[in-house]
Amino acid sequence: MDPEAAQTARESLDLAFHMSNILDTGLDRHTLSVLIALCDLGLNPEALAAVVKELQREPPPSTPLSSSSSQVP
């Protein structure tokens with residue numbers, strides 16, 4: 001990618017990230033970049049949005065206790 005194209009891509013991501021923050025999406029810059037790349041590859045943006053919403057709705061997985069730490073001496 002030539003330097004001018006890289007600069008344009010960076011500015012576009014900055015703008016998209018700013019809009020994302022205004023809309024309070026909770027997406028970080030890297031996640032937003034991946035989602036944009038997936039859209040560029042032809043994935044349906046509405047389907048991606050539905051997946052993101054579903055993932056944000058789910059509670060984070062709890063860390064399973066290792067078998068050694070869960071045993072009482």
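**Before starting**

This is a predicted model, in which local features need pLDDT of at least 70, side-chain atom pairs count only at pLDDT 80 or more, and totals for chains, interfaces and linings use all residues. Residues are numbered from 1 along each chain as its sequence is written, and side-chain values use heavy atoms, with hydrogens and water left out.

**Stop 1: the whole chain**

Display the protein chain as a cartoon. It has 4 helices and 0 strands, in the order α-α-α-α along the sequence. Helices (H or I, at least four residues) and strands (E, at least two) are DSSP runs, numbered from the N terminus. Of the 73 residues, 11% count as buried; buried means under 20% relative accessible area, exposed over 50%, and partly exposed in between (1.4 Å probe, protein chains only).

Next, colour by pLDDT, the predictor's confidence in each residue, from 0 to 100. The chain averages 88, and 86% of the residues score at least 70. Confidence is lowest in helix H4 (residues 67–70), with a mean of 54, and highest in helix H2 (residues 29–40), at 96. Where pLDDT is low, the predicted coordinates should not be read in detail.

**Stop 2**

Select Asp24, in the loop between helix H1 (3–22) and H2. Its phi is near 55°, a positive value in a residue other than glycine. Asp24 counts as exposed because its relative accessible area is 67%.

**Stop 2: helix H2**

Now select Asp28. At the start of H2, a side-chain oxygen of Asp28 reaches to within 3.2 Å of the backbone nitrogen of His30. H2 itself has 12 residues and reaches 16 Å from its first C-alpha to its last, close to the 16 Å expected at 1.5 Å a residue; the expected span is 1.5 Å times one less than the number of residues. After H2 comes Gly42, with a positive phi near 105°.

**Stop 3: helix H3**

Move on to Asn44, which caps the N-terminal end of H3: one of its side-chain oxygens lies 2.8 Å from the backbone nitrogen of Glu46. The 13 residues of H3 (residues 45–57) should span 18 Å, and the end C-alpha atoms are 18 Å apart, which agrees.

Select Gln56, also in H3. Gln56 is partly exposed, with a relative accessible area of 44%. Gly26 is 30 residues from Gln56 in sequence, yet their C-alpha atoms are 8.8 Å apart in space.

**Stop 4: the largest pocket**

Finally, show the residues lining the largest pocket, including Leu32, Leu35, Cys39, Leu48, Val52 and Gln56. H2 and H3 are the elements that give two or more residues to this lining.

Note on methods
A polar contact is a pair of N or O atoms within 3.5 Å; within protein, one must be able to donate a hydrogen and the other to accept it, and residues adjacent in sequence count only if both atoms are side-chain atoms. On a 1 Å grid over the protein atoms alone, a cavity is a set of points where a 1.4 Å probe fits but cannot get out, and a pocket is an open set with protein on both sides within 12 Å along at least five of seven lines; lining residues have an atom within 4 Å of a point.
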